[in-house]
Structures are given as structure tokens and as C-alpha cells.
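Hi there,

Here is the structure I promised to pass on. Please have a look, and read on below for what turned up in it.

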Amino acid sequence: MSINFYKNQITGLLGHNGAGKTTTTFMLCGIYAPDDGTAYILGNNINTQMDKIQTNLGFCPQHDILYDDLTVAEHIDLVASIKGYTNAQIKDEILTISKLVGLEDHLEKKSKQLSGGMKRRLSVAMAV
């Protein structure tokens, strides 16, 4: 497989069942190790530099993976913390990202209180 992804763009993989979309995505995110070959993300090798890659990479799975009792802001905070953002950066990211996906008025709502579409927006926010 040979593919290019571009910085600051969202990319989706399309294909029939069994084509390898999930496996490819999981290898790029570090969930699976490739049996052979490698890939580079922002110049970093997925086999040896995944720690650098994961701070710059977002993944939005097909199904929402949310904690019922965490708020929208707490979900974004959690992901930003894992990626190594400082507390000041996290506050800015919560405001910026929530505006990008239209959740700025729902920051204090728990995910179990959100509609299906709003949950999807939260999943996208977490990936961003």
C-alpha cells in the first residue's frame, strides 16, 4: 500500500469489508504493530517513534467511546492530558475545539445527556 495523508486535513479510508481499513488505521495509531514494512507520520517511524506520533494524531472510531458521567469538557480535557498538553493549553483547547464542532454551549453536559449527533461531535472533538 502506498498512500499520502496531508497535514491539517481529515482523511477517511473507504473500501469493502475485509479490505484492511481497520487494520491499517490501527497500525497507524499504534494499536497493532505491522508484521512487515513501516509507515512514517510527520517524518516519524510507526515502529520506533509512536510516542511522538500519538501526540499529533487523532482517531475517531466508527462507534462512540465515551464515559457516560464525564462532561464534554472533561472528555476533551482527558484526551489533551494524555497527549501532554499543559493545563493552560487544555483550557484553550476545550474552548477552541468545542466551538469547531458546535459543542461550546454543552461543555458542562454529561455525555449520557447528549443526543446521538452531539455524541458524534464529541467523538470528533476528541480526535481533533
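A crossing of two helices is called right-handed if the near helix is turned clockwise from the far one by less than a right angle, and left-handed if it is turned anticlockwise. Keep in mind that this is a predicted model.

H3 passes H4 in a right-handed crossing. Helix H3 covers residues 72-82 and helix H4 residues 87-100; their axes come within 9 Å and cross at roughly 125°. H3 and H4 are therefore oblique to each other.

Which residues in H3 meet H4? They are Ala73, Ile76, Asp77, Ala80 and Ser81, and their partners in H4 are Ile90, Glu93, Ile94 and Ile97. By type, the residues of this contact between H3 and H4 divide into 6 nonpolar, 1 polar and 2 charged.

Now the salt bridges: searching the whole structure gives 2. One joins Arg120 and Asp64, with the closest N and O atoms 2.5 Å apart. Arg120 lies in helix H5 (residues 116-127) and Asp64 in the loop between helix H2 (50-54) and H3, so this pair ties together parts that are 56 residues apart in sequence. Arg120 is partly exposed at 28% relative accessibility, and Asp64 is partly exposed at 33%.

Asp69 forms a salt bridge with Lys112, where the closest N and O atoms are 2.8 Å apart. This pair also links distant parts of the chain, 43 residues apart: Asp69 is in the loop between H2 and H3, and Lys112 in the loop between H4 and H5. Asp69 counts as partly exposed at 46% relative accessibility, as does Lys112 with a relative accessible area of 48%.

Best wishes

Terms used
Residues are numbered from 1 along each chain as its sequence is written. This is a predicted model: local features need pLDDT of at least 70, side-chain atom pairs count only at pLDDT 80 or more; totals for chains, interfaces and linings use all residues. Side-chain values use heavy atoms; hydrogens and water are left out. Axes are lines fitted to C-alpha atoms, for helices over the stretch in contact, and angles run from 0 to 180 degrees between N-to-C directions. Helices (H or I, at least four residues) and strands (E, at least two) are DSSP runs, numbered from the N terminus. Angles under 35 degrees count as roughly parallel, over 145 as roughly antiparallel, 65 to 115 as roughly perpendicular and the rest as oblique. Contact means heavy atoms within 4.5 Å. Ala, Val, Leu, Ile, Met, Phe, Trp, Tyr, Cys and Pro count as nonpolar, Asp, Glu, Lys and Arg as charged, and the others, Gly among them, as polar. A salt bridge is a side-chain nitrogen of Lys or Arg within 4 Å of a carboxyl oxygen of Asp or Glu. Buried means under 20% relative accessible area, exposed over 50%, partly exposed in between (1.4 Å probe, protein chains only).
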